[in-house]
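Keep the picture open while you read.

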Amino acid sequence: MFEKPVLIREDGLRHDGRRPDELRPIKMEVGVLYNADGSAYVEYGGTKVLAAVYGPREVHPRHLALPDRALIRCRYHMAPFSTSDRKSPAPSRREIELSKVIREALESLVFTDLYPRTTIDVFIEVLQADGGTRTAGLTAASLALADAGVPMRDLVAGVAVGKVGGVLVLDIDEVEDEFGEADMPIGYAASIDEIVLLQLNGVLTREEFIEGIRLAKKGAETIYKMMKETLHRKYLKVLEEV
Ligand code: ADP
């Protein structure tokens with residue numbers, strides 16, 4: 001993209017017609033892969049993400065095993081076909097960073113001490129990127145862990161708030177991320193009211209930061225409800241089958 005698009009239109013709506021506090025259309029499903037212990041597919045508008053969880057299982061290589069808790073490993077990866085320009089398949093610095101922050105967010109919620117000497121492996125594959133891949137990836141990973149039956153203190157819903165054209169907006173897409181002034185992804189565990197991931201790219205005033213957190217929590221609560229419903233749906237289906 002070469003020319004800066006109009007991010008906030010004269011009618012106060014965003015470039016794609018959303019209100020500032022509106023999420024993109026969200027879809028989610030669990031149990032989408034047979035071979036993984038848990039899996040989930042999540043869409044935030046044009047962002048499409050798949051997560052797969054294996055474990056708790058034996059650690060290889062063995063020397064990585066922790067005597068008192070499970071090791072959580074996480075790989076965030078963008079498929080080479082996920083962006084308009086083909087992305088190099090080699091892990092980028094960005095992917096290494098995102099794998100780390102997502103792992104840390106999940107580690108704070110999983111009861112790792114229940115499974116010493118094991119590993120829980122989380123794979124996040126971005127199939128199509130249109131902004132907010134780390135937050136959609138975190139939501140998908142949390143659903144996949146729940147689908148695998150891994151005990152956790154809470155689920156976590158990810159969503160990013162941005163500042164575009166001077167306005168705070170919820171769930172930014174790629175255009176808003178690229179041309180906006182700030183981007184603040186959060187991961188929110190709604191039942192225990194804890195923020196387990198918080199990053200900020202750009203500058204916000206103190207007031208904007210506080211308002212941004214409020215907006216992000218509100219959006220994350222909506223996503224969190226959808227996550228619970230998605231998990232319920234799966235178990236109702238299992239009940240029907242037995
Ligand atoms: P997030 O996806 O969590 O918002 P970033 O803010 O780093 O993370 O990226 C914003 C968006 O920029 C991504 O969602 C994606 O649409 C785009 N993007 C990121 N990396 C690349 C890349 N290597 N090639 C093309 N587009 C990319």
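## The overall layout

Start at the N terminus and follow the chain: the elements come in the order β-β-β-β-α-β-α-β-β-α-β-β-β-α. That gives the protein four helices and ten strands. Keep in mind that what you're looking at is a predicted model.

How big is the box that the C-alpha atoms fill? Along the principal axes, it's roughly 55 × 40 × 35 Å. The radius of gyration is 18 Å, and because a compact globule of 242 residues would have a value near 18 Å, the two agree.

The space it takes up is the largest pocket. Two elements each give two or more residues to the shell around the ligand: helix α2, which covers 133-147, and helix α3, which covers 174-179.

What kinds of residues make up that shell? Seven are charged, four are polar and two are nonpolar. Of the 13 residues around the ligand, the ones that come nearest are Arg94, Gly131, Thr133, Arg134 and Glu174.

## Contacts with the ligand

Let's zoom in on some oxygen atoms of the ligand. Which part of threonine 133 lies 2.5 Å from a ligand oxygen? It's an N or O atom in the side chain of threonine 133. Aspartate 183 goes back to using its side chain, where an N or O atom is 3.5 Å from a ligand oxygen.

How much of the ligand gets covered up? On its own, the ligand exposes 540 Å², and the protein buries 75% of that.

## Two cis prolines

Next, look at a pair of peptide bonds. The bond that joins glycine 55 and proline 56 is cis, with omega at about 0 degrees. You'll find proline 56 in strand β3, which spans residues 47-58.

Proline 61 is in the loop that runs between β3 and β4, and β4 covers 71-78.

## Positive phi angles

Finally, check out two residues with a positive phi. Arginine 117 isn't a glycine, yet its phi is about 65 degrees. Where is arginine 117? It's in the loop between α1 (93-107) and β5 (118-128).

Aspartate 193, a residue other than glycine, also has a positive phi, near 55 degrees. To spot aspartate 193, look in the loop between β8 (182-189) and β9 (194-198).

Key: Residues numbered from 1 in each chain as written. Predicted model: local features only at pLDDT ≥ 70, side-chain atom pairs only at ≥ 80, totals over all residues. Heavy atoms only, no water. Near = heavy atom within 4 Å. Polar contact = N/O pair within 3.5 Å; in protein donor to acceptor, adjacent residues only side chain to side chain. Areas by Shrake-Rupley, 256 points an atom, 1.4 Å probe, with all protein chains shown as cover. 1 Å grid on protein atoms, 1.4 Å probe; cavity = no way out; pocket = protein on both sides within 12 Å on 5 of 7 lines; lining within 4 Å. Sits in = over half its atoms within 2 Å of the grid points. Nonpolar A, V, L, I, M, F, W, Y, C, P; charged D, E, K, R; others polar. Rg over C-alpha atoms; globule rule 2.2 N^0.38 Å.
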